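Grab a pencil and keep the viewer open. Here are some exercises, each with a worked solution.

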Amino acid sequence: MSFEHPNREGKTLDEVYRTIMGRAPEHDFDPKIDRMATIMDMLGNPQQSFRVVHITGTNGKGSTARMVESLCRHYGLRTGLYTSPHVEKVTERIRIDGQQLSDDEFVDIWDQVKDFIDLLDAKSAEVGDPKMSFFEVLTTMAFWAFADAPVDVAVVEVGMGGLWDATNVLDGDAAIIGPVDMDHMQWLGDTVEQIAEQKAGIIKSNSTVIVGPQPQAEAVMPIIEKTAHDRHAQGLVRDGKEMEVVSRMPAVGGQLVTLRTPNGLYEDVPVSMFGEHQAHNALSALAAAEVVVPVNGPLDGGVVAESLGSVKVPGRIEVVRTSPTIIVDGGHNLNAVTALRDAIEENFDFQQLVGVVSMMADKDVEDVLGVLEPMLDTIVVTENSWKGRVMSAEDLEKVAVDVFGPDRVIRKDFLPDAIQTAVDLVDSADETGVGYGHGVLVCGSFVTAGDARHLLKERPNEDLAKPKSERADGERE
């Protein structure tokens, strides 16, 4: 960071964010990493200055990344964490030692790299190529921030796919491939085999390849195993073979798990997240930490318990309110929503659950609603804030009526109204008035989750913090 002259031009985060957002969006997929390789070379290849855990997969990347980062940080390593998408604020995406960049630090990093980006944009224009995308710029900023810190280990989540992703200028010491399933087909391919080839693209010759449970193992595993063999990977650690979730049981705020990795057995480890899928994410994270933490043999059980027990992931089966219980989740595809449903059925005893749902128009909306239907009494369809991609409440209502029937569907075009409607429904059915057994689930996309978290965040009343004589009511007490 430029601590001598931080944010020397006095720009706001919003100004810089709008500038970056003016570029091609992160889902505008360009199948080559030439621009990223060039900008890294222009900056002196900052991505080569730290060890790397590189993570791909259709689901679970963000949770796994946060668990790896926590394990490394609790072992005394300086860490960088790069995840996407952000839930509420873009600075969430880049973290050093567990803390997201401050607004000024984010602006300062942009200030340091923007001239190089402008130069590369000009060179690209000369040969008819597009300028750097939104995601390429953020990835460049992250790697520069990590090298500047400097960090010992960077934990990096792939944006989309793997082979042509902007993050794939990295050579991962550990390459985690989570569950591979159908998603982003318009960019990654129409078959699970094509998608698996994209995901396996993060495997490098120095990588220890860590493979999570695969819902379509017969199609996916041969591709991953062949890629690891052909690229002379350092090792292959597969869920259910070289590592396993030995046991798990629900616990307050998450679960207790026993995990076996190539280096040892870890018994009764607290994982502060719900669902069987999070136990397997923790297993992959632990195996990756064993690769990059400089310790022979198993990691210390106390450190593992402390680190995994402290990880909370915003927007992933997150309880943001009680009485009634309000759960926020960003799952947007079949695999993620199935895991959400299973976790809720295992950990919550709802007699009534009302859903508030907004989804992007390019998702398998009918299939996702079909997974939600058995556990929701009523669904309130609405729209999140990403107007360019969100499915209109009117169109979502039509799909929901086909899945739920007209009597169980309510349409509210604005998210605040939708959440209030859902809360009113469960409150009116709660005869005891304590909220037990009655809940609201807000889900459908990470934008929906972020919007809901912002709306439901408890904020201090500034007026109450004033001396009594200065309060707005003008009365002295």
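**Exercise 1.** Work out at what angle the axes of helix α1 and helix α5 cross, and which residues meet there.

*Solution.* Start with the axes: those of α1 (residues 13–21) and α5 (residues 134–148) come within 8 Å and cross at roughly 130°. That makes α1 oblique to α5 (under 35 degrees is roughly parallel, over 145 roughly antiparallel, 65 to 115 roughly perpendicular, and the rest oblique). Next, look for contacts, meaning heavy atoms within 4.5 Å: Y17, I20 and M21 in α1 meet F134, V137, L138 and M141 in α5. Finally, sort these residues: seven are nonpolar, none polar and none charged.

A quick note on the model: it is predicted, local features need pLDDT of at least 70, side-chain atom pairs count only at pLDDT 80 or more, and totals for chains, interfaces and linings use all residues. Residues are numbered from 1 along each chain as its sequence is written, and side-chain values use heavy atoms, leaving out hydrogens and water.

**Exercise 2.** Find the buried residues of helix α10 and say what covers them.

*Solution.* Buried means under 20% relative accessible area (1.4 Å probe, protein chains only). In α10 (residues 301–308) that gives V303, V304, S307 and L308. Looking down the axis of α10, these fall within an arc of 115°, so they line one face of the helix. Their cover includes α3 (61–74), β11 (264–271) and α9 (276–292).

**Exercise 3.** Decide whether Q214 is buried or exposed, and list what it touches.

*Solution.* First, locate Q214: the loop between β7 (208–211) and α8 (217–230). Its relative accessible area is 11%, so Q214 is buried. Not counting residues up to four places away in sequence, Q214 touches I177, G178, P179, V180, V220 and M221.

Key. Buried means under 20% relative accessible area, exposed over 50%, partly exposed in between (1.4 Å probe, protein chains only). Helices (H or I, at least four residues) and strands (E, at least two) are DSSP runs, numbered from the N terminus. The arc is that of the directions from the helix axis to the C-beta atoms. Axes are lines fitted to C-alpha atoms, for helices over the stretch in contact, and angles run from 0 to 180 degrees between N-to-C directions. Ala, Val, Leu, Ile, Met, Phe, Trp, Tyr, Cys and Pro count as nonpolar, Asp, Glu, Lys and Arg as charged, and the others, Gly among them, as polar.
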